[in-house]
Amino acid sequence: MKLSFNINKSLAMRLVLYVLSFCVFLFIVSLAFFYFFSKQSIEKMTVNNAEAITQNTVLQTEQVLIATEKILTNYKWLFESKQLNCDSLQAITKLIVKSNPEIMGSAIAFEPNFFPDKGRYFCPYTYRDKDSIVSMYLGNANYEYFVMDWYQVPATINKAYWTEPYFDEGGSNALITSYSIPFHKTINGEKKFVGVITIDLSLSWLTDIVSKVSVLESGYAAVISRNGTFVTHPNNELIMNHTIFSYAAELNSVELREIGRKMQKGETDFASVNLKNTNWIISYTPLTLSNWSLAVLFPKAEMYAPLRSITTTLILLVVIGLILLTIVVYRIVTEQVAPLRLFANSAHEVANGNFNNELPEITTEDEMKDLHDSFVHMQGDLKNYIENLKNTTSAKEKIESELRIAREIQMGMIPKIFPPFPNVTEIDLYAMLEPAKEVGGDLYDFFLIDDEHLCFAIGDVSGKGVPASLFMAVTRTLLRSVAPNELSPSVIVNSLNKSLAFGNESSMFVTFFLGIIELKTGRIKYTNAGHNPPVHVHAGGEVKFLPITKDIPIGLFEEFSYQEKEMKLKPHDKMLLYTDGITEAENKNEELYSDQRLINCISIYLRKPPKELIQHIAMDVAEHVQDNQQSDDLTMLSIIFNGGKKEKNNA
Amino acid sequence: MNRKKTVTILFIFISLLSFGQLPKITFTPHWLPQSQFAGYYMALEKGFYEQEGIDVDIVHPSASLMATDRLLKEESDIISLFLITALATKSEELDMVNISQLSQNSALLFVSKKGSGIKSIEDLNNKRIGIWESGFDEVPKALVNSNNYKVDWIPILSSVNMFMIDGVDAMTVMWYNEYDQIINSGFNPDELNTFLFSDYGYNIPEDGLYCLNKTLIQRKDDLRKFVAGTFRGWEYAKENKEETLAVVLRLMTEEHIPTNLAHQSWMLDQVLKLIEPGIKSVEKGELAESDFHKTQNILYEGKYIDKKYQFSEFYKPVK
């Protein structure tokens with residue numbers, strides 16, 4: 001339940017996250033592009049606008065300046081071409097002032113002693129004093145007009161000159177600039193500078209023009225003079241007090257100083273500058289006639305304000321859009337993956353063994369349908385598989401239980417009570433059989449033929465498992481039926497061979513050793529049908545394999561004739577019979593236990609009674625094999641001859 | 001602060017009770033209000049003169065009435081003057097004495113544009129050099145004459161416009177004033193060549209305090225109080241530049257003199273440096289006898305004066 005819920009939740013959330021991330025990324029990129037290009041286009045528009053504003057303002061100011069310059073140009077021509085009557089000059093200054101309301105004063109100043117009878121100074125001057133027009137002559141020891149800028153500069157550079165602005169403190173108290181042009185006379189054939197004509201122009205018209213320039217909310221225009229002095233500026237405190245350079249120094253703005261220098265050089269350009277924590281775009285262009293410069297300042301924050309507001313709205317809309325998108329995507333995904341959750345539940349049910357649990361209904365023809373079909377298929381297959389498994393398991397269990405019974409039967413066939421013949425003191429005997437599988441193909445047996453003879457045998461049926469065990473059972477049963485009436489091992493073996501070989505379609509065979517010991521003497525007659533040679537353990541300590549008859553295993557050829565041999569156990573001699581399960585026991589490195597190791601092991605424990613000897617050998621084999629799986633039955637039988645009764649009695 | 005003020009007022013009040021009105025001193029600096037005279041303004045503003053026990057009135061000169069005129073007419077008791085001006089104008093009629101030498105160093109220099117080709121002082125030969133029409137021409141001329149340069153001296157009123165429009169090749173300026181005006185008119189220091197007079201053996205002290213000899217005899221104690229108050233004012237200005245500049249700007253605005261903080265700040269810094277004697281073997285406020293002789297010799301050799309004074313006739317400190 002929890003599992004299905006997590007899949008559902010995380011899948012939906014993950015999808016929403018992916019979609020949202022991508023949308024946000026797209027949005028940011030788009031917005032950045034939009035903002036960047038809009039900003040550029042606004043800047044371009046601003047630049048165009050600035051150009052228009054500055055050009056327009058310059059045009060308006062130049063009109064006034066040109067008109068003013070023209071007045072003087074006309075008089076200059078008059079003075080240079082005509083004979084000068086010094087007494088008529090005052091009338092000219094008066095006329096200039098009177099006929100030009102924007103002109104605050106006018107003077108015609110001459111070089112020292114130009115008119116000898118007028119003395120050092122001659123400068124008729126007319127000025128506006130409030131509503132009246134006053135005429136006078138300038139120049140005395142305290143007013144050496146020759147060193148005044150309006151006279152000295154044009155006289156020195158021999159060119160028309162607009163002075164730096166100044167306050168006309170005496171008269172109008174207005175900001176004034178003087179325009180002066182030098183004029184010359186040809187005296188004695190030599191063109192000589194004789195003086196300047198000057199007019200004082202109130203700058204209120206300029207202030208009017210410039211202050212009308214309005215850019216957005218707080219943008220403005222300003223004019224600086226040739227030296228950088230503020231002639232107009234919305235902040236009155238700057239006018240005449242500051243140059244753009246001293247202002248830059250006060251604001252600690254290197255950029256502003258550089259802009260000022262460019263303005264001073266008459267350049268037209270744009271620049272960005274930060275003044276008192278406000279960013280501005282400054283557009284500047286010269287007022288060429290006076291060498292002054294006009295700057296129009298655009299507040300960047302206001303320039304971009306509409307863009308900012310659009311961008312803010314856009315962001316808001318997109319954020320709402322993204323929220324809606326999130327909800328919708330989440331809903332859709334949740335709806336689409338809902339069957340998955342049900343499938344997960346179903347899978348869980350199936351896992352719990354409920355194969356008949358109902359699957360969610362899918363009406364679409366998509367991957368969900370495929371999944372559904374796969375689930376149906378899986379459910380059916382699983383059901384069949386489990387059914388089969390059940391049957392197989394019960395069959396296996398049945399076989400296993402039968403095998404268990406077979407083993408019990410098989411084990412019941414071989415004598416397992418030790419010591420087997422407590423009354424027979426001549427010998428002691430011990431045997432073990434440990435099948436590799438439930439039932440094995442090895443066998444051993446021993447029984448008294450009569451009071452004086454004990455028959456003992458060991459065999460190994462080819463193959464393993466049930467067939468081998470059946471063959472073994474047959475062999476053992478035949479042995480018991482053949483042996484009681486016979487004292488010759490070869491006769492018994494021949495008889496066994498005949499019975500087994502007859503109709504032996506499965507071609508199974510048994511390696512077989514059979515011995516009959518005469519209890520009185522310890523003499524043994526034996527026949528070995530292809531079995532491993534038993535070990536003769538001499539009481540004196542010698543351990544060696546018994547010489548064996550070289551006969552083939554029984555059950556192969558009906559007509560084969562088996563031989564027999566004879567040997568004698570001395571008192572306390574032992575004989576050990578074993579199957580190849582012992583000597584060929586393999587460890588993980590595929591190393592065999594080997595005959596030699598068997599001999600060695602026996603040599604160590606040679607004085608032990610049969611039971612202990614066999615247990616020691618079994619332990620040694622186990623040690624050799626370690627964890628490796630037992631591949632063959634392990635069977636051993638050992639007899640010790642304690643000595644004949646009669647001999648004992650005799651002795 | 002309040003306590004200090006109260007004490008001051010109390011002191012003044014007691015003084016008034018004891019002696020009636022405080023003795024009055026009218027002081028006239030030799031130019032219009034600017035940071036050059038910040039120490040006097042601060043002494044007055046902060047009540048240092050009153051604390052010393054005098055009632056000081058600062059009256060600036062005008063175009064028609066210079067500081068020396070005011071002294072002669074006894075409209076002012078103390079005036080400030082350049083050492084060279086004082087030595088040039090001292091006469092039997094204007095029998096003035098130096099009671100304290102404030103500036104120890106010369107702020108005069110020639111400045112030229114790098115593009116003018118004037119790279120060393122020798123290059124001034126045969127050049128047009130601007131100089132104030134109103135005076136202070138003695139030292140520049142002495143410097144030029146001692147090197148036998150021929151110079152076309154162009155009289156200039158007070159602006160730097162002739163320099164700006166290349167009307168002159170070089171110009172005589174004060175380090176604390178016109179030099180900074182040129183900088184504030186758009187020239188960068190690295191575009192200018194400067195020739196400081198002090199580097200050419202003409203480190204002539206400038207601002208000093210002067211009064212008539214008879215005032216010295218009659219009111220020596222009041223003069224001493226004035227000098228003491230003045231130095232306290234300069235000390236205060238040095239420690240409180242922002243406040244000082246605010247006072248200077250206020251006074252200049254009241255007098256309708258165009259200015260700005262940047263320029264006055266520069267001026268204050270430079271004037272404060274001039275007060276320090278540096279390597280000269282005098283204390284603050286003292287006139288070195290060697291400076292006196294050197295200055296008088298410049299005037300004598302330049303034929304500005306035909307009579308030499310004894311050091312003791314001219315310099316009568318009121319410590």
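Predicted model: local features only at pLDDT ≥ 70, side-chain atom pairs only at ≥ 80, totals over all residues.
Let's start with chain A as a whole. Its secondary structure comes to 15 helices and 22 strands. Chain A has 651 residues, and 35% of them count as buried. Now take contacts in chain A between residues at least 6 apart in sequence. Of those, 64% join residues at least 24 apart.

Find Phe183(A), in strand β6 (residues 175-187) of chain A. Is Phe183(A) buried or exposed? Phe183(A) has 20 other C-beta atoms within 10 Å, and 20 or more is the cut-off, so Phe183(A) is buried. Which residues does Phe183(A) touch, leaving out those up to four places away in sequence? They are Lys76(A), Phe79(A), Glu80(A), Val194(A), Gly195(A) and Ile197(A). In sequence, Leu78(A) and Phe183(A) are 105 residues apart. In space, their C-alpha atoms are 9.9 Å apart.

Next, stay in chain A and go to strand β17 (residues 523-529). This strand is mostly covered, with five of its seven residues buried. What does β17(A) pair with? One partner is strand β16 (residues 510-518) of chain A. The two are antiparallel, and six bridges join them. Together β16(A) and β17(A) make a hairpin, with four residues between the strands. In that turn, Gly522(A) has a positive phi of about 85 degrees.

There is another partner. Strand β20 (residues 565-568) of chain A also runs antiparallel to β17(A), through four bridges. Keep your eye on Ile524(A) in β17(A). Opposite Ile524(A) stands Ile517(A). In β20(A), the bridge partner of Ile524(A) is Met567(A).

Now the place where the chains meet. How many residues does each chain bring to the contact? Chain A brings 25 residues, and chain B brings 23 residues. On the side of chain A, the elements giving two or more residues are α3 (149-157), α5 (244-251) and α6 (254-264). Which element gives the most? That is α3(A), with five residues. By type, the chain A side divides into seven nonpolar, eleven polar and seven charged residues.

On to chain B, and a pair of helices. Helix α2 (residues 38-45) of chain B packs with helix α9 (residues 213-239) of chain B. Their axes are 7 Å apart, and the angle is about 100 degrees. Angles of 65 to 115 degrees count as roughly perpendicular, so that is what α2(B) is to α9(B). From α2(B), the contact is made by Ala38(B), Gly39(B), Tyr40(B), Met42(B) and Ala43(B). The residues from α9(B) include Arg232(B), Trp234(B) and Tyr236(B). Across the contact of α2(B) with α9(B), seven residues are nonpolar, four polar and one charged.

Last stop: helix α6 (residues 138-146) of chain B. Be careful with the name, and keep the chain letter in mind. Which residues of this helix are buried? They are Glu138(B), Val139(B), Pro140(B), Ala142(B), Leu143(B) and Val144(B). What covers them? Among the covering helices of chain B are α5 (83-89) and α12 (289-301). Strands of chain B take part too, including β5 (108-113), β6 (127-132), β7 (151-156) and β8 (170-174). After α6(B) comes Asn148(B), with a positive phi near 60 degrees.

That's the tour. Go back to the structure and find each piece.

Terms used:
Residues numbered from 1 in each chain as written. Chains lettered and ligands numbered in written order. Buried ≥ 20, exposed ≤ 12 C-beta atoms within 10 Å, placed from the backbone. Contact = placed C-beta atoms within 7 Å. Nonpolar A, V, L, I, M, F, W, Y, C, P; charged D, E, K, R; others polar. Axes fitted to C-alpha atoms, helices over the stretch in contact; angles between N-to-C directions. Parallel < 35°, antiparallel > 145°, perpendicular 65-115°, else oblique. Pairing = 2+ DSSP bridges.
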